[in-house]
Amino acid sequence: MKTCILDGNVILDKEILHEMLAEQLGFPHWYGKNLDALHDLLTDLPEAEIVIVHSDALYDHLERYAGLLMRVLEDAAKENAGIQWRVAE
């Protein structure tokens with residue numbers, strides 16, 4: 001199972017977020033680096049665990065986009081039983 005750690009202290013903008021996701025989850029080079037593309041790829045992955053640490057900092061840096069990210073993770077996990085995600089402080 002692929003594991004992706006998203007550290008809110010490190011993720012200062014959307015670009016860094018999507019770079020981390022692509023690198024840690026092994027997304028293809030054509031990954032669109034947006035939430036729609038993220039949803040599409042997550043629902044196709046066989047297995048992945050995404051762990052968010054320092055979520056307060058993530059919200060500070062990304063504001064509304066952090067909440068949208070959480071919604072995408074939740075929706076993808078509902079559609080694909082191989083996707084797990086959690087917030088760990």
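In this predicted model, the axes of helix 3 and helix 4 come within 6 Å and cross at roughly 120°.

**Helix 3 and helix 4**

- On the side of helix 3, the contact is made by L58, Y59 and L62, while helix 4 brings R64, Y65, A66, G67, L69 and M70 to the contact.

- Three strands form an open sheet in the order 1-2-3, and their pairing is parallel.
- Strand 1 and strand 3, the latter spanning 83–87, stand at the edges with a single partner strand each, so one side of each has no neighbour in the sheet.
- From one strand to the next, the twist averages 15°.
- Strand 1 and strand 2 run parallel and are joined by six bridges, and L6 has I52 in strand 2 as its bridge partner.
- Helix 4 lies across strand 1, strand 2 and strand 3, and its direction makes an angle of about 145° with strand 3.

**The nonpolar core**

- The largest nonpolar core holds 29 residues, of which L6, L21, F27, L38 and L42 touch the most other members.
- Two or more residues of this core come from each of strand 1 (2–7), helix 1 (14–25), helix 2 (35–44), strand 2 (48–53), helix 3 (55–62) and helix 4 (64–79).
- Helix 4, with seven residues, gives the most to this core.
- When its neighbours within four places in sequence are left aside, L21 is in contact with C4, L6, G26, F27, Y31 and L38.

**Two loop residues with positive phi**

- K33 lies in the loop between helix 1 and helix 2, and its phi is near 55°, a positive value in a residue other than glycine.
- The relative accessible area of K33 is 47%, so K33 is partly exposed.
- H54 belongs to the loop between strand 2 and helix 3, and H54 has a positive phi of about 55° although it is not a glycine.
- H54 counts as partly exposed because its relative accessibility is 35%, a value in the range between under 20% for buried and over 50% for exposed.

How values were computed:
Residues are numbered from 1 along each chain as its sequence is written. This is a predicted model: local features need pLDDT of at least 70, side-chain atom pairs count only at pLDDT 80 or more; totals for chains, interfaces and linings use all residues. Side-chain values use heavy atoms; hydrogens and water are left out. A nonpolar core is a set of buried Ala, Val, Leu, Ile, Met, Phe, Trp, Tyr and Cys residues joined through side-chain atoms within 4.5 Å. Buried means under 20% relative accessible area, exposed over 50%, partly exposed in between (1.4 Å probe, protein chains only). Helices (H or I, at least four residues) and strands (E, at least two) are DSSP runs, numbered from the N terminus. Contact means heavy atoms within 4.5 Å. Axes are lines fitted to C-alpha atoms, for helices over the stretch in contact, and angles run from 0 to 180 degrees between N-to-C directions. Two strands pair if DSSP finds at least two bridges between them.
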